[in-house]
Amino acid sequence: MLAAALVLTLATAWVPPLPLTRDGVQVLAVVDITGSMNVRDYTANGRPQSRLEAAKAALRHLVAGLPCGSRFALGLFTERRPFLLFAPVEVCENFTPLDGAIAALDWRMAWEADSRITAGLDRAVAMAGEIGTDLLFITDGQEAPPLRAGSLPPFEGQPGAVRGLIAGAGGYSLSPIPKFNDRGRETGFYGETDVQQENRFGPPPADAEAREGYNPRNAPFGAAAASGTEHLSSVRETHLKELAARTGLAYVHLDGTASLDAPLRAAATARPVPGRLDLRPFLGAAALLLVLAAFSAAPLRALTVRTITLKLSTPTKA
C-alpha cells in the first residue's frame, strides 16, 4: 500500500489534465436599476433585502456556477435603453473583476428616472444579437410612466432569434417605493401624487366621455387628477410574461439566490467549450487513503491477534 501511495504521489507531478468538452453559455445580463428596484420585499439572513440586492446575489451565484469557457457580459437598464458595461469575457479567468462589477451595481448609476420596460427590453434583445449572446433581463416589470391600456407596441425583431430569460424581481403584494433626496439619502416613500398614475399621452381611453369634467378639447381625459397604485410596487408578472411571449424569451420569477441557474441553462443556447479535468486531487486523495490504511493495518492486525489469543486461552466450563 505504501508503494502504491508513492506511485500515486509521483503521478501527481506528471499526469496531465484530461481534456473534455462541456456545455457553456454566452450571456448578456441586463439589470434594471430604476427606483422600484429599491423596494425591500425580499429577505436575506433575516433582514429586508431590496430587489436590486437580490438580483445581484442571484447573478453572483450564477456566474460562480458557470463552467469555464462560458462568457458573460453585463449591462444596466434605466429610462428606455440598456447600457453595456463590458463585452463578453471568460468567466473563470475574469471571475474576480466580474464578481466585483456585479457587487458594485447601484441605483445611483441611473441617468433618468423613467422606466420604460418594453422599450428597454426590445433594445436589450437587439444588443444581445449584436454581440452574439443570449439575454438575461432582470426587472420588476413596472412601467413608469404606465403604458396606455392595450398599447403594447409590436416587437420589431424576430421572436426567438435571441434566446434567453426574463427574470421577474419582487414580491406579489404591493409595497411602498423608497424615496431619496439629491444626496442619495432615504427620506420616506413615494405618495400617490408623486407618481404619474395614468399615461395621458395620445388619444383618450374609451371611457373618457364618462369621466367627470370631460371636454373633448380642453379635458379629453377628464378634469380630475388620475388616481391609482403606481406609487406602490409589485412584480408585474402578467406584463413580463406577455413580453416574454412577444420576444420569444422564457420567464422565471426571481425567488432565491439559486433561482436563475437552472432556468438560464434551459433557456440559453448550449455552446460547446473546451475544458480540462485535473486528475491530481483524485490521485492525491487516493494516495492519502492508502497511507492511512497502511499505518492503521498493523494496529488492527495486532488487536485482532490479541483478541483471538485471549479467546483461545480462556478456559471453558465443562
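Predicted model: local features only at pLDDT ≥ 70, side-chain atom pairs only at ≥ 80, totals over all residues.
Let's start with helix α5 (residues 237-247), where Glu237, His239, Leu240, Leu243, Ala244, Arg246 and Thr247 are buried, meaning under 20% relative accessible area with a 1.4 Å probe and protein chains only. These residues pack against α4, β7, β8 and β13, with contact taken as heavy atoms within 4.5 Å.

Residues are numbered from 1 along each chain as its sequence is written, and side-chain values use heavy atoms, leaving out hydrogens and water.

Now the sheet: six strands make an open, mixed one in the order β6-β5-β2-β7-β8-β13. Strands are DSSP runs of E of at least two residues, helices runs of H or I of at least four, numbered from the N terminus; two strands pair if DSSP finds at least two bridges between them. β6 and β13 sit at the edges with a single partner strand each, so one side of each lacks a neighbour in the sheet. β5 pairs with β6 in the antiparallel sense over seven bridges, and Arg71 stands opposite Glu90 in β6.

Helix α4 lies across β2, β5, β6, β7 and β8, at about 155° to β7, the angle running from 0 to 180 degrees between N-to-C directions of lines fitted to C-alpha atoms, for helices over the stretch in contact.

| Element | Residues |
|---|---|
| α4 | residues 117-131 |
| β2 | residues 26-32 |
| β7 | residues 134-139 |
| β8 | residues 164-168 |

Notes. Buried < 20%, exposed > 50% of the residue type's maximum accessible area, 1.4 Å probe, protein only.
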